[in-house]
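Take a first look at the structure below. The report after it goes element by element, then turns to the whole chain.

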2 protein chains.
Amino acid sequence: VSEFRVVGLPTSAEVEAGTDLVALVLDAAAAAGWTFADGDVLCIASKVVAKAEGATVALPAATDVHEARRALAREQATRIVAETPQVLIVETHHGFVCANAGIDTSNVPGEGVALLLPDDPDASAAGLREGLHERTGASVGVIVTDTFGRPWRLGQTDVALGAAGVVALRDDRGGADRLGRPLEVTQVAVADQLAAAADLVRGKADGTPFVVLRGLDLGGAGTGRDLLRPADQDAFRTGTGAAAPEPTDHGSR
Amino acid sequence: VSEFRVVGLPTSAEVEAGTDLVALVLDAAAAAGWTFADGDVLCIASKVVAKAEGATVALPAATDVHEARRALAREQATRIVAETPQVLIVETHHGFVCANAGIDTSNVPGEGVALLLPDDPDASAAGLREGLHERTGASVGVIVTDTFGRPWRLGQTDVALGAAGVVALRDDRGGADRLGRPLEVTQVAVADQLAAAADLVRGKADGTPFVVLRGLDLGGAGTGRDLLRPADQDAFRTGTGAAAPEPTDHGSR
C-alpha cells in the first residue's frame, strides 16, 4: 500500500433505539457521493451504535451528573484500576480499561439518562458488516470506535472497540529486518490506528459518526477482543508488577 | 475537513550520520510524483532522524544484545516505571515513557551499536520543516514518529515524538455538545493520530520512513512536548495514585 483515503460521511440524523444504522450509513454515503466497494473500512462511533442498540440506563440519584456517572461506572466495572478525586479508571465487562467505564452523558437525549458502551461491539460490527453486504453487495470491514485517554501522554485518541472483516492486530513476530535480525516491532494495533486515522476528519462537536477508509489491503478476521491485553500480562492493572512480555521484546528473543 | 489522503514515499537509501534528510525526502517525493504544498504534514520515522543525527552509542558488554540493550536503557532512563524479566519501561530525559528507552538495535549497521532516540525531536522536526520550506517554498508540518506499546491494549501504535508547524494537542475544553452540555472529549492527541494514520501505509519491515498527509487543516505551533503528561499528574507513573484530571473530566466540571 502506498496511498489511502479517509472520507467522512456526515449526517444530521438523530439516532434512537431501533434506528436502522445501515440505512443511515447508506443515506450519508449517498449524500457524500460515496459508493461502497470491497475492501473499504467503515469506522462507526460507538456512541451511535449504543444509541441504536438502546444501551441507555437511568443515572443513579446523586448530587450532580458527574457523581451519578461515577456511581454508575462503579456498578458497571469488573475492576477498579485507578481512582482519584478527578478520575475513575475501570475495567469493563468487555475487558476495556477506560475512564468512567466509557459511560457517556453528553449528547444523550433525556435528563438523568446515560449511555453505556455497546454490550458486544464485535457483534455490533459483524451485524453492520452483514447489513452493508446485504444491501450493497460490498465486503466492507467495520470498526466500532471510541475515544479513550491513556497513561503517560496527554490527549485522547480513538481506538477500536469492535471489528469485523478487517485485521485488528497484525502479528509480525518471526519476521526479520533488512539485516536479518528479528523485528523489534512485532505486533501492530492496526484497528486502533484505523480508528485514530478516522477521527482526524472530525472536528470539534462534529456530526460525523461514519468515516470510511479506502485503499488499504486489510481484509481479515480480526476482532476488538484481539486488542485486549490480558490482565495477568499487564504491569499497569494488577499493581503486582506482573507484566506482559512486551511486543518489543517478543521478537527479539 | 471531510477527506484527506495518506501517501507513502518509499526510499531504498541507507541513512548515515550526516545524511541530508531533506534531500532524501525530496528524492523520495520526486520518485513518487509528489510535490509538497502548504498544509501537507510529513511524518518521518524517528529512526532515520536518529541515524542522520548520529545518535548511536556502543552497547555495554553483556551476555547478549538484549541484556546489553537493557543495561543501556537503564543508563539512559531518568525513572524506572516498570521492570519485569520481560520488559523494562522507563521515562527518558525527554519525558517519554516507553520500553527500553526507545533504544533500537535492529536495522542498525554495525555490531555492538545501538540507536538512541533523537536528542530533541521537536528541534529535529523544526529543522526539517525549515529545510523543506527553503527548498520547496511550501509550509509543511513535520512530525517525528516512533512506535510505542501501551498498557491495557495489545499491539503497538505510532506516536509523535516531535512536531513543528502542526497542531499536536487540540484543546476543546470549554466547548459544548449539540445539546449545550460540556464536551466530554476535550483534548485530542492530534499529532499521535497523524502518526498512527501514517503508519498504516507501511507494511512489515518496510522501507517507508516518509509518509505525507494532505487535506487536513492542521497548521499550528504544536510540539511533541505538548503530548507529555506531567509525571505528577499521572496515576500510572508514580505508583502513588496521584492522577491527572483526565481530559474526559476536564470539560465536565
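## Helix 4 of chain B

In this predicted model, helix 4 of chain B packs its buried residues against several neighbours: helix 1 (21-31), strand 2 (41-45), helix 2 (46-52), strand 8 and strand 9, which belong to chain B as well. Which residues of helix 4 of chain B are buried? They are Pro121(B), Asp122(B), Ser124(B), Ala125(B), Leu128(B), Gly131(B) and Leu132(B).

The helix covers residues 121-136, which is 16 residues. At 1.5 Å a residue, helix 4 of chain B should span 22 Å. After the helix comes Gly137(B). The phi of Gly137(B) is positive, near 80 degrees.

Most residues other than glycine have a negative phi. Trp152(A) has a positive one, near 75 degrees, and is not a glycine. Where is Trp152(A) found? It lies in the loop between strand 8 (141-148) and strand 9 (157-164) of chain A. Is this residue buried or exposed? Trp152(A) has a relative accessible area of 7%; the cut-off for buried is under 20%, so Trp152(A) counts as buried.

Now chain B. Trp152(B) has a phi near 75 degrees, again a positive value in a residue other than glycine. Its place is the loop between strand 8 (141-148) and strand 9 (157-164) of chain B. Trp152(B) is buried, with a relative accessible area of 6%.

## Strand 12 of chain A

Strand 12 of chain A runs over residues 210-214. It is mostly covered, with four of its five residues buried.

Leu9(A) stands opposite Phe210(A). Ile44(A) stands opposite Phe210(A) too.

## The largest nonpolar core

In soluble globular proteins, nonpolar side chains tend to be buried together. Here the largest nonpolar core has 50 residues. Which of its residues touch the most other members? They are Ile143(A), Leu194(A), Leu213(A), Ile143(B), Leu194(B) and Leu213(B).

Take Leu213(A) from that list. Leaving out residues up to four places away in sequence, Leu213(A) touches Phe4(A), Arg5(A), Val6(A), Gly39(A), Asp40(A), Val41(A), Cys43(A), Leu194(A), Ala197(A) and Ala198(A). One of these partners, Leu194(A), is also among the core residues that touch the most other members.

## Chain A as a whole

Chain A holds six helices and twelve strands. Of its 253 residues, 58% are buried. Among contacts in chain A with a separation of 6 or more, 61% are between residues 24 or more positions apart. The accessible surface of chain A is about 9,300 Å². Carbon and sulfur atoms account for 49% of that surface.

## Confidence

How high is the average pLDDT of chain A? It is 89, and 88% of the residues score at least 70. Residues 239-253 of chain A have a pLDDT below 50. This stretch still has 49 contacts in the model beyond near neighbours in sequence. The model as a whole scores ipTM 0.91 and pTM 0.92.

Key: Residues are numbered from 1 along each chain as its sequence is written. Chains are lettered from A and ligands numbered from 1 in the order in which they are written. Side-chain values use heavy atoms; hydrogens and water are left out. Helices (H or I, at least four residues) and strands (E, at least two) are DSSP runs, numbered from the N terminus. Buried means under 20% relative accessible area, exposed over 50%, partly exposed in between (1.4 Å probe, protein chains only). Contact means heavy atoms within 4.5 Å. Accessible areas come from the Shrake-Rupley method with a 1.4 Å probe; for residues, only the protein chains shown count as cover. pLDDT is the predictor's confidence in each residue, from 0 to 100. Two strands pair if DSSP finds at least two bridges between them. A nonpolar core is a set of buried Ala, Val, Leu, Ile, Met, Phe, Trp, Tyr and Cys residues joined through side-chain atoms within 4.5 Å. The expected span of a helix is 1.5 Å times one less than its number of residues.
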